[in-house]
Structures are given as structure tokens and as C-alpha cells.
Amino acid sequence: MTDAIATGRVLQVNISPGGVPKHAVPEARVGRHGLDGDAHHHDFVHGGPHRAVALFAIEAIERVQSDGHIRVEPGAVGENLTTSGIELSLLPVGTRLAVGGEDGPLLEISAPANPCDVIKGAFQGGKSGRISILLHPTDSRMYARVLREGVVRANDTIRVLPRAAGSEAHVHHELDILEAVENDAWLAMWRAAAESGYDVRVLAHGDLAAAASPDLRGSIFNRSFGLRTVPIKRPEVERLFRATGTTGWHVAGLDDPEFAGEQAESPVGVHVGAVEDVLARGAPEVAGLAIRNVDPANVDDARRWADLFVAGFGIEGPLADAWRRFNPILVGAKGYHQQIASLSGRDIAVAASFARRRVVWLGGATVLPEARGRGVQRALIVERVWRAADNAGARRALATADAGSTSAANLDALGMHRIWTRGLYRVEPSTITT
């Protein structure tokens, strides 16, 4: 590689059995999930393939120290590599770092490392926000993926290389934010069902969100999100499935190495778009169409929504009964909204959304068969996006759809394009041995 755009060096290699500070070692092997001998007390958030290596520049450390945070030294805030000569947090996501010789590690900048309570003891007054990239863009720690494994040593040269063609770093960086919002939406539904009296056992830590329910069989109430970033937690989720005796499903990318050799069910595209693009394109006017918000205080309206939802999706049996029972609770969850669409005064469609962190997640939406093909779905997409922008300042919109489906075509037409494809990986309780 000769196309380096800058060079620096490894000032210090740091590891710990968990927590901070991390301590200097002469060298360490860098694998897909990080440095050998290194661990985290909060592995629901830190570590994993997309946050395998944490880096922090000595230049940033010195600026932080000059603001009075004198305990912020190399390793004190948990970075694995303290670097010199490179302004790390100014590097775009996808930038590669070639460390040492040709057989040394090749890293790819994946995201800023947000400050957390674990490191606040190193800061005057506990103000760890001093290294937030939002507040101090030059002074953040950065995470990196490992593109090539190898050994890193103190004083190794670091060559800064441009993003590789075909890099998915930007996709995964965007998914970090989008999935956090989607997870919260699913958690709201699972908790509403539990509050209404169903046995729904929820596991929620950091990036991980999972549920298992012996009362409500099927993938909706027996699935996990988050193993893209914290695959180390797969055994814990599967123990949850085994404890409830339920078949479970992991939500993960079709090319996720964690599930290599396993067959994915129900693949869907993850569609994302800018709110301003969706609103600029708009939807064709549908004569006689009116869309109203479900009032959380109106139990009859919430039940009406559930009736239309189960009818539109053809849901039957215990799951249909469950939706009617817990929906009056779900519609009152913070950030959650539901709409009913009527055509010439007759209710014919429903939709749901969840807004947080300036992202709107477009949940389930369905149109009764007799009203399909008139543009109602597109109108519901635009309505939800507009409401989220107006009420919650949403800037990005997220939805999933089967490849080649009418829903996918509607999303594409409104500027929400597929950035990733994922599926469900089935886990039978009888096969779980962990």
C-alpha cells in the first residue's frame, strides 16, 4: 500500500481484563473482536466486530489535560491504541489505518466512541462529555473494525489510507443509530404485552434487545436484535429461548459471519431516507382519504386500530387476541404513534411509527384488501414522516420491506432506499446447549 494520505505511530498499546484504566503492554494480537487479553465490563455496548479497537490520539489527550482533566492519560479512558501524529476524530468513517508492516493489522474507522459513566472518574467533576464528538469534534476516541488481523506493537508506524471501494463502514455506522431506535420500538411492544398480562420475558442491555414468550409463539415475540454489534451475547439470548421452551429467531444480516452456514428466513430490506426527501416527493392525492391519529386516551379507538391491523395482516388466533388486548397500552408508550386511515368515511387502513433521536421508524402498516392499489400506503408513509418531523424533529426515516414487494416499491419511490438486507435465523430450544 503506497497511497497513504498521512502517517503517525502507535504511542502505546493498552489492555485490561475489564474497566479502566487500560494498562500499557509491549504488544498484542489484534483479532476480529479486538486485542487478545482485553475485555470490557459493559460488553453489551463495547467490543464486537464493529467496535473491536478503540483509539485515542495523544494530541486530543493533551488538549483535554489543558482544560484541567489531568487524570486523562494514555489508557485512562479505555482506548486500546494511543496514537501520535494523527488527528483521529477528524478522519471520515471508512478511513483505513495500516499498522506496522504488511503483515500488521489493517483497521477501518467505524464510529466515534461515545463517552460513558465507566470513564467519568478520569474527568474533573465527572464531565466525560469533554471527549464527546458532538461537543468537541477534534477530541473524541474512535472505534475501528479489523480488516486484517495481526500483531500491534508500541512505536509501530500507522499509515492513513482512504476508504476502500465497496466499504460498508458507512452502512454499519448508520445502522448503529437506526437499530437503537428500532430496538426501542420493539421493546415498547413487548413490554405492553407483558403489562397486559402475557408471559413475555424481555432482555434489554445496551445494543441487545430480545424477548421470549411461551404464551405468544412465533417470531414476533420470540426474537433478538443487536447481535450485529454484540455477537458475544448470542449464548445469553439462546438461554432465554431455552428457559421458556420457545423457538426463537435472531435478526441479523444475510452476510453476517456469526451466522455463516445457517439459513435465513424471511429476508427483508432495510430502507432509509432523509425526511426532507420523503416530504419533497410526497404522495399522490387519494380522493376521500382522511388520516387521523389514535388518541391514547381513547380505548375504543385503540381497539379499532387493532381490529383493522389484524384484519389487514390476516392475523388469527391467540396473536390476534393479544393485539386487541395490549394495543391500548402500546399506543400510550412514549414516542409511539398510530394512525387510522378512512376512505369516504370508512376505516380502511392503519399504520404505526416510533420517533426517537431524530429518527422515525415506520412500523407495521396495512390496507384492507378492498382499498389496495389506490396509493393509501404511500399516503401513510408521508403522513407518518411529516408528523415525526413536525413533532419530534425527525431527520431520517427507517422502514423494512420484503424485496420486490409493493411496500419496497413505495419506499423507493419516496426516496427511502435499501441499504442492508437481513433475515431471521431460527433457533430451536432442543438444539441449544450453551
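Trainee: Where is serine 140 found?

Mentor: Before that, a word on the source: this is a predicted model, in which local features need pLDDT of at least 70 and side-chain atom pairs count only at pLDDT 80 or more, while totals for chains, interfaces and linings use all residues. Residues are numbered from 1 along each chain as its sequence is written, and side-chain values use heavy atoms, with hydrogens and water left out. Helices (H or I, at least four residues) and strands (E, at least two) are DSSP runs, numbered from the N terminus. Serine 140 is found in the loop between strand E8 (106-113) and strand E9 (141-148).

Trainee: Is serine 140 buried or exposed?

Mentor: Buried means under 20% relative accessible area, exposed over 50%, and partly exposed in between, with a 1.4 Å probe and protein chains only. Serine 140 has a relative accessible area of 2%, so it is buried.

Trainee: Which residues does serine 140 touch?

Mentor: Contact means heavy atoms within 4.5 Å. Not counting residues up to four places away in sequence, serine 140 touches Phe56, Ser89, Pro112, Ala113, Ile131 and Ile133.

Trainee: What is in contact with valine 181, leaving aside its neighbours within four places in sequence?

Mentor: Valine 181 has its place in helix H2 and counts as buried, at 0% relative accessibility. Its contacts, with those neighbours left aside, are Phe354, Arg356, Arg357, Val359 and Trp361. The C-alpha atoms of valine 181 and leucine 362 are separated by 11 Å, although the two residues are 181 apart along the chain.

Trainee: How is the packing of two helices described?

Mentor: Two packed helices are described by the angle between their axes and the distance between the axes. Axes are lines fitted to C-alpha atoms, for helices over the stretch in contact, and angles run from 0 to 180 degrees between N-to-C directions. Angles under 35 degrees count as roughly parallel, over 145 as roughly antiparallel, 65 to 115 as roughly perpendicular and the rest as oblique. Helix H2 (residues 169-195) and helix H6 (residues 317-330) pack at an angle of about 115°, with their axes 8 Å apart. H2 is therefore roughly perpendicular to H6.

Trainee: Which residues make the contact of H2 and H6?

Mentor: H2 contributes Ala188, Met189, Ala192, Ala193 and Glu195, and H6 contributes Trp323, Phe326, Ile329 and Leu330. These residues divide into 8 nonpolar, no polar and 1 charged. Here Ala, Val, Leu, Ile, Met, Phe, Trp, Tyr, Cys and Pro count as nonpolar, Asp, Glu, Lys and Arg as charged, and the others, Gly among them, as polar.

Trainee: At what angle do helix H5 and H6 pack?

Mentor: H5 (residues 299-313) and H6 pack at about 150°, with axes 8 Å apart, and they are therefore roughly antiparallel to each other. Their contact involves Val299, Ala302, Arg303, Trp305, Ala306, Asp307, Phe309 and Val310 of H5, together with Ala320, Trp323, Arg324, Asn327 and Pro328 of H6. The division is 9 nonpolar, 1 polar and 3 charged.

Trainee: Which residues of helix H3 are buried?

Mentor: In H3 (residues 234-244), the buried residues are Arg234, Val237, Glu238, Leu240, Phe241 and Thr244. Seen down the axis of H3, these fall within an arc of 145°, so they line one face of the helix. The arc is that of the directions from the helix axis to the C-beta atoms. The strands against which they pack are E12 (201-205), E13 (208-212), E14 (223-225), E15 (248-253) and E22 (417-427).

Trainee: Which residues does a cis peptide bond join?

Mentor: Valine 20 and proline 21 are joined by a cis peptide bond, with omega about 0°. Proline 21 is placed in the loop between strand E1 (6-15) and strand E2 (23-25).
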